[in-house]
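Subject: A structure for you to look at

Hello,

Here is the structure I promised to pass on. Please open it beside this email, and then read on for what turned up in it.

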Amino acid sequence: MSRLFFLRQKRAKHKSRTISHPGKRQNTSRILFALTLLLTGLGLIAVFDVSSPQAIRLFGDPYYFAKQQLMWAGIGLGAFVGGSVMSYKLLSKYALVIFGVSLLLLLIVLIPGIGSNVLGARRWIRLGPVGIQPSEVAKLAVIIIIAKFAEAKYPVWYGVSVLGIVSTLIMLQPDLGTTIVVASIGLVQLFAAGYTLVNLGAMAAAGTGLAGLLVIFSDYRRQRLMTFINNLYDPLSLDLTEAYGAGYHIRQILIAIGSGGILGLGVGQSRQKHLFLPETATDSVFAIIAEEFGFIGAATLIILLMYFTLVVVRVAMHAPDKFSAILAIGIAGWIGGQTILNLSAMLALAPLTGIPLPFFSYGGSSLTMTLFSVGILVNIGNSKK
């Protein structure tokens with residue numbers, strides 16, 4: 001039984017209206033285009049603002065991270081244009097090739113001497129001064145291959161196998177946060193494609209159980225879980241060989257967000273970004289934004305990201321075929337899911353996992369793949385049935 005979530009029913013109900021008003025799809029694409037430029041621009045400003053103290057300490061250049069992000073934004077916008085003019089049907093045609101390349105990259109990053117080992121994790125492939133994060137490529141590759149399987153009406157275990165293989169390779173890096181994102185994207189797509197809740201529920205339960213085991217048998221992950229359960233757990237480590245205790249990061253995040261109040265401290269006036277809060281330019285960027293722009297600024301950012309996700313869902317609802325609909329809903333799950341996970345961690349509603357905030361967190365691979373994916377959505381939005 002094919003359900004295609006609510007998308008097929010919604011499209012069938014409004015079929016005549018959609019066909020008779022193609023301008024609506026074009027209007028959605030224009031909104032998506034404008035939001036993409038706005039969010040990318042705001043993200044560049046945010047990285048420029050929050051990263052300077054850390055950039056000075058590490059590189060002696062206050063604009064190092066900002067210049068890197070600006071370069072990647074240029075590459076990403078080029079990828080955005082490419083994705084918007086390239087027919088999305090090419091992704092269906094070469095889905096297996098794209099997935100195979102992503103698997104190869106996930107294997108290569110695990111090879112000592114090729115994959116960069118940073119803080120005990122192998123997540124980047126260095127090509128001179130440029131670093132590529134294969135897991136970001138894998139997210140889109142998983143979305144494409146599952147959309148292809150759904151279009152061809154393959155059994156559910158095809159999609160499950162894809163998620164199992166990719167999740168295993170990402171966990172070997174190790175990267176539990178990205179594994180959760182990839183698994184969530186796949187489950188959203190499979191549900192939208194019409195697979196039964198019984199099968200998907202069993203998959204989710206098995207995945208949750210496995211994640212629990214990975215947390216239990218990892219001191220680092222178990223410590224993060226304990227910090228989440230009790231924010232006051234180990235605020236400052238008694239072990240003098242450690243710089244900070246397990247609860248230090250989340251405490252500094254909450255201090256930053258609480259210090260912002262309603263209106264914030266003002267642009268550039270953050271105190272926590274001056275090396276009190278770790279990873280200010282990456283997964284903790286929201287905390288500094290909340291500190292400088294307050295509740296109003298933070299709420300505006302959240303509304304913009306949620307509205308962006310809703311526009312992507314609208315593209316999926318009016319997609320011209322099943323492949324493009326499942327593809328679009330996967331990208332919506334990717335961007336919306338990462339937004340929810342990042343913000344939940346910042347508000348101590350979920351454990352810290354290092355998930356970047358789309359458009360705002362520093363990271364070339366993440367920004368480039370996000371912009372390329374949005375370009376694909378624009379192409380889908382402009383395509384005729």
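Let's begin with a term: a salt bridge is a side-chain nitrogen of Lys or Arg within 4 Å of a carboxyl oxygen of Asp or Glu. Before we use it, please note that this is a predicted model, in which local features need pLDDT of at least 70 and side-chain atom pairs count only at pLDDT 80 or more, while totals for chains, interfaces and linings use all residues. Residues are numbered from 1 along each chain as its sequence is written, and side-chain values use heavy atoms, with hydrogens and water left out.

**Salt bridges**

The structure holds five salt bridges. One of them joins Lys-273 and Glu-292, whose closest N and O atoms are 3.5 Å apart. (Helices, H or I with at least four residues, and strands, E with at least two, are DSSP runs numbered from the N terminus.) Lys-273 and Glu-292 are both buried; buried means under 20% relative accessible area, exposed over 50%, and partly exposed in between, with a 1.4 Å probe and protein chains only.

Which residue else does Lys-273 bridge to? The partner is Asp-49, with the closest N and O atoms 2.9 Å apart. Here too distant parts of the chain are linked: Asp-49 sits in helix 3 (residues 23–59), 224 residues from Lys-273. Asp-49 counts as buried because its relative accessible area is 14%, and Lys-273 has a value of 5%.

Another salt bridge pairs Lys-139 with Glu-136, at 3.1 Å between the closest N and O atoms. Lys-139 and Glu-136 are three residues apart in helix 7 (residues 134–151), so about one helical turn separates them. Both Lys-139 and Glu-136 are buried.

**Aromatic rings**

The structure also holds 12 aromatic pairs. Rings of Phe, Tyr and Trp (its six-membered ring) pair if their centres lie within 6.5 Å; planes under 30 degrees apart count as stacked, over 60 as edge-to-face and the rest as tilted. Phe-59 and Phe-65 are edge-to-face because their planes are at 80 degrees, with ring centres 5.7 Å apart. Phe-59 is partly exposed at 42% relative accessibility, whereas Phe-65 is buried at 8%. Phe-59, Tyr-64, Phe-65 and Tyr-362 form one aromatic cluster.

Phe-65 also touches Gln-54, whose other contacts include Leu-275 and Thr-280, not counting residues up to four places away in sequence (contact means heavy atoms within 4.5 Å). Gln-54 is in helix 3 and is buried, with a relative accessible area of 15%.

**Two packed helices**

How do helix 8 (residues 156–171) and helix 9 (residues 176–192) pack, and at what angle? The angle is about 170 degrees, and the axes are 9 Å apart. Axes are lines fitted to C-alpha atoms, for helices over the stretch in contact, and angles run from 0 to 180 degrees between N-to-C directions. Helix 8 is therefore roughly antiparallel to helix 9; angles under 35 degrees count as roughly parallel, over 145 as roughly antiparallel, 65 to 115 as roughly perpendicular and the rest as oblique. Among the residues that meet are Leu-163 and Val-166 in helix 8 and Val-182 and Leu-187 in helix 9.

Happy exploring!
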